[in-house]
Amino acid sequence: QVHLVESGGGLVQPGGSLRLSCAASGSILSIYNMAWYRQAPGKERELVAVITRGGTTRYADSVKGRFTISRDNAKNTVYLQMNSLKPEDTAVYYCKATIQSGSSSRAYDYWGQGTQVTVSS
């Protein structure tokens, strides 16, 4: 079994910062892409940022220059540093990781439970 656990969400004022973390645990052989998605009320889930095992990153246009995705392969953890937050960044943030577990010959996508980020004065 593989589990992803997110932390770091909360309430922040516009212009503020938050750092999200997502740690993978379980019988893990290898972790490939790791990513952050978000879903605002009444909207579809959207990709925020993705990082490959080698460290190549890609961002949604709406967060470029404000958010930074990083990972620590030794800790099986992905981070999302969010700066200059705006009210429109309010959403539930989910991490996703493509993982090959010890009981499988192929990799599957796993999701975290989500963490709420609210940007409001």
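The side chains of Asp-89 and Arg-66 pair up in a salt bridge, with N and O 2.7 Å apart (the term covers a side-chain nitrogen of Lys or Arg within 4 Å of a carboxyl oxygen of Asp or Glu). This pair ties together distant parts of the chain, 23 residues apart: Asp-89 sits in the loop between strand 8 and strand 9, and Arg-66 in the loop between strand 6 (57-59) and strand 7 (67-72). Strands here, numbered from the N terminus, are DSSP runs of E of at least two residues, while helices are runs of H or I of at least four. Arg-66 counts as buried because its relative accessibility is 10%, where buried means under 20% relative accessible area, exposed over 50% and partly exposed in between (1.4 Å probe, protein chains only). Salt bridges with shared partners join Arg-66 and Asp-89 with Arg-38 and Glu-46 into one network.

All of this comes from a predicted model, in which local features need pLDDT of at least 70 and side-chain atom pairs count only at pLDDT 80 or more, whereas totals for chains, interfaces and linings use all residues. Residues are numbered from 1 along each chain as its sequence is written, and side-chain values use heavy atoms, with hydrogens and water left out.

Asp-89 also forms a salt bridge with Arg-38, the closest N and O atoms lying 3.0 Å apart. Again the link is between distant parts of the chain, as Arg-38 belongs to strand 4 (residues 28-39) and Asp-89 to the loop between strand 8 (77-82) and strand 9 (91-101), 51 residues apart. Both ends are tucked away: Asp-89 is buried, at a relative accessible area of 1%, and Arg-38 is buried at 6%.

Setting aside neighbours within four places in sequence, Arg-38 is in contact (heavy atoms within 4.5 Å) with residues including Val-48, Phe-67, Ala-91 and Val-92.

The salt-bridge count comes to 5. One of these pairs Asp-61 with Lys-64, at 3.1 Å from N to O. Asp-61 is exposed, with 63% relative accessibility.

What about Leu-4? This residue is found in strand 1 (residues 2-7) and counts as buried, at 6% relative accessibility. Beyond residues up to four places away in sequence, Leu-4 touches Cys-22, Cys-95, Tyr-110 and Trp-111, among others. Leu-4 and Ala-91 are 87 residues apart in sequence, with their C-alpha atoms 18 Å apart in space.

As for the overall fold, the protein has 11 strands and 0 helices. The radius of gyration is 14 Å, close to the 14 Å given by the globule rule for 121 residues, so the protein is as compact as a globular protein of that length; the radius is taken over C-alpha atoms, and the rule is 2.2 Å times the number of residues to the power 0.38. The C-alpha trace spans about 45 × 25 × 25 Å along its principal axes. Of the 121 residues, 42% count as buried. Among contacts between residues at least 6 apart in sequence, 55% join residues at least 24 apart.
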